[in-house]
Amino acid sequence: MKKLITPALALTVAAGIFTGCSSDYLETAPVTEVSAAVVQTTQEGAQAALNGLCYSMYYQESDLFDYLFMNGEPYVQTVWGEIFGQDYYSYMWSNQTGSNYKWQANANANGWMTMIPWSYCYNLINQANTILKGIDDINGDREVLDFIKAQALSIRAHAYTRLLQIYSYRWERTDNGNKYCVVLRTEPGTDAAPLATMNEVLSQIYSDLDTAVEIFKNSTATRTYNWEPDLSVAQGLYARAALLKDDWQTAQQMAHDARQAYPVMSAEEYKAGFNSPTKEWIWSGYNGGETWFTTWGMMFCCNGAYPGVWGLGAGSINYELYRQFPDGDIRADLFFTPDKIIGNRPAKSSFWNQSYCDPASMNLMKNQVMKAQIHAFEDNSYPTDKSVNWPKPYNNFQTGNDDESYVVFGAQFKFWSRDDYGSGYYCYMRGSEMLLIEAEAACHNNQPNVAIANLKELNAQRNPNYTCNLSGDALLDEVKLQRRFELWGEGFNWFDLKRWNMPMIRKPWIEKDVDSNNIPQADALEKQPDDRGWKFAVPTNESRYNPLVDRTLVDD
């Protein structure tokens, strides 16, 4: 498929189509003026806007949301998908925004925690709507134009799926989808529109993806970049949406189809730094140097600038989850935990000793003996991709001091940056996720042999000793556990716990209790499935500018 515009120019065009929006929370300051008419009447304009739409998924949205560097999809996946959950602990996050980390912002309709994902998703929806408004009437290469249409429909469906994940209750609490949740907009602009039910939104998502899948299947056009949607992306998005309404037949089929060209990556690829697409990356964010100071890697890669300069770490695995890794599982190699101690100095029990581990932050860098173990582990934990001169992990690149940053109990070495400024692609979707959706759906569809085959296919690249002969609920629990292992830190845990109707439990670290966890006492938390915090409030900015929003329908 011929590309007509560079990513940088695409962003300019995408920004330009926002002029004229009435609600300031949906506006993006344009770099240059490009009218919607150009997008809706010319093939070049439609192509440029589509590229800009894709690119804006991995770009700082506006100065209003630069707190902790809001940079689109990676930020939403990490903060809402992981940090609010239990498997990923971030001292950086709890230290900087403790009240939000404790689920005290979910119901605050005036807060930035409720506003950011709303604004992000509706920006994507508005861009997609602008493209779709005139795409059928443009004179040009119909094959290319239809492909652009399918791509825009896919991203609109993705944005509405994200909104349901955050602003709606789980399916079982929506009266079969009849509870109201978000605003449904299919026309460009921000005209007043009422709240829609979960069923109405899901119906739109299914309709968009039905059309997109049909177009992609019948098209000879192809994408050029991994950050563009194509057939596999649309099928993967369909599988994700189907999970939200327990539509197991659709979820299984779409996930199976989505992953056919994207086999499970090898153990070596899994340890390559999660920085650039491998053979199983179905969809990813653009590696944009223009946004170096807001890249995801700056904050969340083990060798990004801010974990080192701020000295707050780059995330750790919940030790209760880590304990469940079976012997020989290569995924366990990516975390600094008691079993990584070489010899017996310090003792493994030192992880629960204040002389070695700071109980307020879980920082292990306060003791010289422990530091030596950490540095030895770091030296052996560089990504397998040797083509990159990787910066040192947990290092203050400004001073060159690798003793300044926190390396915490369970610190992750899964995500790496190519330089101090966070350069790298970000994975939105990969084959292993689809394999695990297929396995989960197969359990519900009474096809245990399919689920077991899926688990064995995955673990052939993760644990050579893996066997599985489970059935019933035990098999489903194993699928869920493997999903938590495989997709750790990639943006799924909070969303999964919500739809699984499972509690979110962060058990605390207790001095001298080697059976306790690795989360500071101040950050311990338990949220049951019926807690109101599982649904974020509709932002006040929406109802302020949109008089058709009836807050009594959602402020329960």
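This report looks at aromatic ring pairs and at charges over rings in a predicted model. Residues are numbered from 1 along each chain as its sequence is written, and side-chain values use heavy atoms, with hydrogens and water left out. Local features need pLDDT of at least 70 and side-chain atom pairs count only at pLDDT 80 or more, while totals for chains, interfaces and linings use all residues.

Let's start with the rings. Rings of Phe, Tyr and Trp (its six-membered ring) pair if their centres lie within 6.5 Å; planes under 30 degrees apart count as stacked, over 60 as edge-to-face and the rest as tilted. The model holds 42 aromatic pairs by this rule. Among them is the edge-to-face pair of Trp296 and Phe415, with 5.3 Å between centres and 90° between planes. Trp296 belongs to helix H13 (residues 296-300) and Phe415 to the loop between helix H16 (368-379) and strand E6 (426-430), so this contact ties together parts 119 residues apart in sequence. Helices (H or I, at least four residues) and strands (E, at least two) are DSSP runs, numbered from the N terminus.

Trp296 is buried at 5% relative accessibility, and Phe415 is buried with a relative accessible area of 5%. Buried here means under 20% relative accessible area, exposed over 50%, and partly exposed in between (1.4 Å probe, protein chains only).

Trp390 and Trp416 have ring centres 6.2 Å apart and planes at 70°, so they too are edge-to-face. Both Trp390 and Trp416 are buried.

Now for the charges. A charge sits over a ring if NZ of Lys or CZ of Arg is within 6 Å of the ring centre and within 35 degrees of the ring normal.

| Charged residue | Ring | Distance from ring centre |
|---|---|---|
| Arg185 | Tyr122 | 5.7 Å |
| Lys414 | Phe274 | 4.7 Å |
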